[in-house]
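Notes follow in the order I looked things up.

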Amino acid sequence: MNVGVAHSEVNPNTRVLNSRGIWLAYVISVGVLHLILLSIPFFSISVVWTLTNVIHNLVMYLLLHTVKGTPFETPDQGKARLLTHWEQIDYGTQCTSSRKFLSISPVVLYLLTSFYTKYDHGHFLINTASLLSVLLPKLPQFHGVRLFGLNKY
Amino acid sequence: PPTHIITVNGKECVNFASFNFLGLLDNEKVKSAAQASLKKYGVGTCGPRGFYGTFDVHLELEERLAKFMRTEEAIIYSYGFATIASAIPAYSKRGDIVFVDEAACFAIQKGLQASRSNIKLFKHNDMADLERLLKEQEAEDQKNPRKARVTRRFIVVEGLYMNTGDICPLPELIKLKYKYKVRIFLEESLSFGVLGEHGRGVTEHFGINIDDIDLISANMENSLASIGGFCCGRSFIIDHQRLSGQGYCFSASLPPLLAAAAIEALNIMEDNPDIFRTLRDKCEQIHKALQG
């Protein structure tokens, strides 16, 4: 019944984003979020796209760059206890395919949002700020960096 | 098995080189219980506790030990050294702080090494030194309260030290525990079945409530005339080791004949509580005679 489920991965968090079908699931869930927001009758197209972009970046920041450690016990005596999920991906190896995918997807969403908001000034400011907040932590120079001592322990 | 009289080069000598404190290693009842279990189960269990290696004798021994030590739950390990060496890293991880006595036994040292925690050694049985270390840690905690909130602190002591033969000052340790909010892990390998009116160890010896100690770990290889070890304490604490105790999950379970021998030894200990009185009297007698 449980044939093939045993793995010797010390920290499964490091390879969950390399799993089969997870990138497709990610794209589909962003699409579903967008559809839900489009169904709200009093939002205009620009507002819907900006909201999609902002909510996507906010959730990504919370899940990848804020929450630390693992929800399960690991046999490595808590090596990743102070690391965010982004820092745990592939045990800290930079520029792997998951990291590239997750860096490019907010940029793609930003380009689509800029187009559909017709490059309006207010929307531009909000979307650019949101994009920067989710792109900067992904830079290799920011690996393990905690600004102003926030989220350190 | 070697008894208290041993023949060396044809001469009959008293055997001081054994941990068989209660003489149960040669006891007929223990031997016959082991042999009956051997006929029933065979020798080995061919599996860890989680994969078809749990027998009724294991569960019975755990229940009996928990009842004897008056705690909620007990867990059995199949090798005495691995007991404390698995228990410490199950709770203490990187970044946690462990205050341990300098004269801690080798098993504790290996457990601490496996835990990757920060180790602070205090001088043997020196409560003033321990308090100094605790105060220093408290000062550091006040400088960095956010780090302190995620750091776990433990004190690891032995009831009767293997390396020096001293008893730890448990009442003072309990006071320090509640003053500085540290958890106590007590290693009772030599004191189980030796100290205390009914053999319950150093907590009974000092008259301390067993709930004040967070984890008691002991060897069954000394007074209990078996092999292996056990940990006992609150269910909340002991249950964690069923998945995180490396020596529990990833080793074959205790052979049932040894578990049956331990149960029989426990029966003898419970039925004849005067053997502890005899043991203590004999120890004092020998101590006085050897002092000259």
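**Entry 1: the interface**

I'm working from a predicted model here. I started with the contact between chain B and chain A, and asked how many residue pairs are in polar contact across it. The count is ten, with both residues of each pair at pLDDT 80 or more. I then checked which elements chain B puts into that contact: helix 4 (106-115) and helix 6 (145-149) of chain B each give two or more residues to the side touching chain A. By class, I sorted that side of chain B into three nonpolar, seven polar and seven charged residues.

Next I looked up who takes part. Chain B brings 17 residues to the contact and chain A brings eleven residues. On the chain B side, B:Lys93, B:Arg94 and B:Arg146 lose the most area to chain A, and together they make up 51% of what that side buries. For the interface as a whole I noted a buried area of about 1100 Å², with 40% of it from carbon and sulfur atoms.

I also wanted the salt bridges across the interface, and there are two between chain B and chain A. One I wrote down joins the side chains of B:Asp96 and A:Arg81, at 3.5 Å from N to O.

**Entry 2: chain A**

I went to the record for chain A. UniProt, in an unreviewed entry, places "transmembrane region" at residues 21-40 and 46-64 of chain A. What does the model show there? Residues 21-40 of chain A are 90% helix and 0% strand, and their end C-alpha atoms lie 29 Å apart. Residues 46-64 of chain A come out at 100% helix and 0% strand, with 27 Å between the end C-alpha atoms.

**Entry 3: salt bridges inside chain B**

B:Arg153 pairs with B:Asp141, the closest N and O atoms being 3.2 Å apart. B:Arg153 sits in strand 6 (residues 153-158) and B:Asp141 in helix 5 (residues 127-143) of chain B, so this pair ties together parts twelve residues apart in sequence. I checked accessibility, and both B:Arg153 and B:Asp141 are buried.

B:Lys177 forms a salt bridge with B:Asp214, with 3.1 Å between the closest N and O atoms. Here B:Lys177 is in helix 7 (residues 170-180) of chain B, and B:Asp214 is in the loop between helix 8 (202-206) and strand 8 (215-219), so the pair ties together parts 37 residues apart in sequence. B:Lys177 is buried at 6% relative accessible area, and B:Asp214 is buried at 6%.

I also noted a network of salt bridges that links B:Arg49, B:Glu62, B:Glu73, B:Asp239 and B:Arg242.

**Entry 4: B:Asn20**

Last stop was B:Asn20, which I found in the loop between strand 2 (11-14) and helix 1 (28-41) of chain B. B:Asn20 is buried, with a relative accessible area of 16%. Which residues does B:Asn20 contact, leaving aside its neighbours within four places in sequence? I got B:Pro2, B:Leu25 and B:Asn222. For B:Leu25, the backbone nitrogen lies 3.3 Å from a polar atom of the B:Asn20 side chain.

Methods
Residues are numbered from 1 along each chain as its sequence is written. Chains are lettered from A and ligands numbered from 1 in the order in which they are written. This is a predicted model: local features need pLDDT of at least 70, side-chain atom pairs count only at pLDDT 80 or more; totals for chains, interfaces and linings use all residues. Side-chain values use heavy atoms; hydrogens and water are left out. UniProt positions are given in the numbering used here, feature names are shortened, and annotations may be inferred rather than shown by experiment. Helices (H or I, at least four residues) and strands (E, at least two) are DSSP runs, numbered from the N terminus. Contact means heavy atoms within 4.5 Å. Buried area is the accessible area (1.4 Å probe) that two parts lose on being put together, summed over both. A salt bridge is a side-chain nitrogen of Lys or Arg within 4 Å of a carboxyl oxygen of Asp or Glu. A polar contact is a pair of N or O atoms within 3.5 Å; within protein, one must be able to donate a hydrogen and the other to accept it, and residues adjacent in sequence count only if both atoms are side-chain atoms. Ala, Val, Leu, Ile, Met, Phe, Trp, Tyr, Cys and Pro count as nonpolar, Asp, Glu, Lys and Arg as charged, and the others, Gly among them, as polar. Buried means under 20% relative accessible area, exposed over 50%, partly exposed in between (1.4 Å probe, protein chains only).
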